[in-house]
Amino acid sequence: MLDFIIGHFNNATYIMLMMIGFYAMTGKTNLVKKLVGMNIFQWSIILFVVSLSAKRGATIPIVFGSHNPGGPAHLDASNYVNPLPHVLMLTAIVVGVATTGVALALLLRIYKKYGTLDENELLKRARSSG
Amino acid sequence: MNIHQSATPILIVIVPLITSFVLPILGLWNRRLVFPVALCALSCSFGLALVLARRVLNTGPVQYFMGGWEPPWGIAFHIDHLAALMLLLLTFVTLLVGIYSKKSIVKEVPDQEVPFYSVYLILASGLTGLVSTADMFNLYVFLEITSLSCYALVSLGGGVAVVSAFRYVILGTVGAAFYLLSVGYLYSVTGSLNMADLARLLPSLYESNAVLVGFAFFVIGISLKMALFPMHAWLPGAYSNAPSAVSALIAGTTTKVAAYVLARVMFFVFEPSFSIDTLPVTTVLSWMAAIAMILGSVMAIAQSDLKRMLAYSSIAQIGYIVLGIGLANGMGFTGGILHLVNHAFMKSCLFLVAGAIVYQTGRRDIRSFRNLSSTMPWTTAAFTICAFGMIGLPPTGGFFSKVYLILGAIDGEHWVLVGVILVSSVLALGYLANVIRYMYLPAAENELDEKVEESPQGESNGEPVPLTMLIPMLILASGVILLGLFNGVVISQFIDPAIPIGLPR
């Protein structure tokens, strides 16, 4: 069992982070904390996908010395890290930042309108104001 | 089959996108130019979708490679018959709702036209991109473009709309994150993101745990996005508190597009046999859809607010579409896609009517609709036609899609589901007939009813609904009937060639 968890270390980490985020989203009543939970949730997945391309002893996918005559004649792909997951997650981070921005803007408007960010208090005030 | 190259697919997406960035600058100079320019972009998109659909019908699927990079390395747009139909539908609905929004948005959200149309165009381009793309990660980006613009548009509504929008942000992001996770899993075993390439690589990996987990996460993520029961918590608030033009647009398009993505990935990226047997997602989806159809309709009956009622009815109608996909046979698929098209027309029109009633009278409570037919005859007529479509009376489109769904359920020998479709139709009659009854009742006489008629929004001045709002409603309502009369054309031209290979006919 322990070996399995250590063997799937990246999976275990992302699931733990994801559950922390999930707990914050469902268990907390403060809307900012919900947002933070949402971010942890997203980031856990980004970490996981980046970890997929991690490789021990590999380097960035740039061929050193290929300009010189007598450089490496053939390449071994196992020496290089797959850059695509990183690039994809860069895009996903940008999307995540945009989502956070929209959510923060919404929180700002909620606070201006109701003067609170606590969910229970908010529902009470929203109900009384109609 | 020879596949043609063309730049039309990307133009449909890029024209609204570029225009949306031009609009804020244009708005600084002259605010009155914003609406015509936005309308131009939307009509341009629709015109291009018509050209593209004609081309797809005549010569088969059309492709476009971004930057000339061929798949599986580059991002490709692939328009087959199903995508062409969806593009036509989406650009048509966004164009009509765009025309409608001119007057209604000025009244509901004053002085916000410039950002409104900017975001509106981003939503239009996100939706069209979502159906055109053939790349799993590109699909994620378009999914988030669509959702982000939806959050912003929903928050424009008054009252608790901001709170509903925040709830939508949280749940929508969880859905998108699950989708991203599934893309990560699929990429980790195949090393590819292109749909056609995945379809080629996946069959030998169907037993892999990563593929199974990825597929399960995909189904849950997309179900969250399309508000399939029990993941519908964000929908009623978002639909009922948004400005009416926005409600009409997102009710007609966003959840439908998510259903399209579900069908696309389940049957075209994975083989139907995988979704049916290896991981019996179709069975689970059918039963979830059946519960959605019953519970959504029951909840709709309990509502007195028209927009909230329509929102709950949307949950039930999503059930029909997912049921069609979940039945996993030719008839069911035809019924599901046909209902997707019909429902986009009907629900957009119903939300537009709800907006028009608020515009003219300020009323949202169904019990206050007495005698509406004499003051707003065309609007109530449009509502009645669409309500008949929702219930499934011939000759409206809703009748034919339900017939195909029932035939599909009979083909699969799911007798309980046949019963559920019929019961849900009767329940739809329950909530919609109630509205029609109040609309055509003579004016109230006693004090009690007068009290209910106080406008909740309190901004009505009895100004009659302008033509720019009336005409889109009437076009959509006549579209509901035309879709019924010419459903054979839609099926034979668009849906039949799109039925996935491997589905039992």
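## Chain A at a glance

A compact globule of 130 residues would come in near 14 Å, but chain A has 22 Å. Its C-alpha atoms fill a box of roughly 80 × 40 × 15 Å along the principal axes. Of its 130 residues, 22% count as buried. As for contacts in chain A with a separation of 6 or more, 45% are accounted for by residues 24 or more positions apart.

## A buried glycine in chain A

Let's stop at G37(A), which sits in helix α3 of chain A. Is this residue buried or exposed? G37(A) is buried, because 21 other C-beta atoms lie within 10 Å and the cut-off for buried is 20 or more.

What does G37(A) touch, once residues up to four places away in sequence are left out? The list is G21(A), Y23(A), A24(A), M25(A) and K28(A). There is also M18(A), 19 residues away along the chain, whose C-alpha atom is 8.7 Å from that of G37(A).

## Chain B at a glance

Now for chain B, which has 22 helices and 3 strands. Its radius of gyration is 22 Å, close to the 23 Å that the globule rule gives for 505 residues, so chain B is as compact as a globular protein of that length. The C-alpha trace spans about 70 × 60 × 40 Å along its principal axes.

Inside chain B, 62% of the 505 residues count as buried. Take the contacts between residues at least 6 apart in sequence: 80% of them join residues at least 24 apart.

Which residues make the contact? On the α1(B) side they include L11(B), I12(B), V15(B), L23(B) and L26(B), while α2(B) brings, among them, V37(B), A41(B), L42(B), L48(B) and L52(B). Sorted by type, the residues of this contact come out as 17 nonpolar, 4 polar and no charged.

## Where the chains meet

The contact between the two chains takes 26 residues from chain A and 22 residues from chain B. On the chain A side, the elements giving two or more residues are α3 (31-52), α4 (84-114) and α5 (119-129). Which of them gives the most? That is α4(A), with 14 residues.

The side of chain A that touches chain B divides into 20 nonpolar, 3 polar and 3 charged residues.

A few spots in the backbone of chain B deserve a look. The peptide bond from P71(B) to P72(B) is cis, with omega near 10°, and P72(B) lies in the loop between β2 (62-65) and β3 (76-79). Another cis bond runs from F229(B) to P230(B), with omega near 0°; P230(B) is in the loop between α8 (209-225) and α9 (235-241).

A328(B) has a phi of about 55° and is placed in the loop between α14 (306-327) and α15 (330-361). A328(B) is buried, with 28 other C-beta atoms within 10 Å. N371(B) has a phi of about 65° and belongs to the loop between α15 and α16 (372-375). With 14 C-beta neighbours inside 10 Å, N371(B) counts as partly exposed.

## How confident is the predictor?

For the complex, the predictor gives an ipTM of 0.92 and a pTM of 0.93. The mean pLDDT of chain B is 90, and 96% of its residues reach 70 or more.

Where in chain B does pLDDT stay under 50? This happens over residues 447-459, for which the model has 16 contacts beyond four places in sequence. Where pLDDT is low, the predicted coordinates should not be read in detail.

Conventions: Residues are numbered from 1 along each chain as its sequence is written. Chains are lettered from A and ligands numbered from 1 in the order in which they are written. This is a predicted model: local features need pLDDT of at least 70, side-chain atom pairs count only at pLDDT 80 or more; totals for chains, interfaces and linings use all residues. Two residues are in contact if their C-beta atoms, placed from the backbone, lie within 7 Å. Helices (H or I, at least four residues) and strands (E, at least two) are DSSP runs, numbered from the N terminus. Ala, Val, Leu, Ile, Met, Phe, Trp, Tyr, Cys and Pro count as nonpolar, Asp, Glu, Lys and Arg as charged, and the others, Gly among them, as polar. A residue is buried if 20 or more other C-beta atoms lie within 10 Å of its own, exposed if 12 or fewer, and partly exposed in between; C-beta atoms are placed from the backbone. The radius of gyration is taken over C-alpha atoms; the globule rule is 2.2 Å times the number of residues to the power 0.38. pLDDT is the predictor's confidence in each residue, from 0 to 100.
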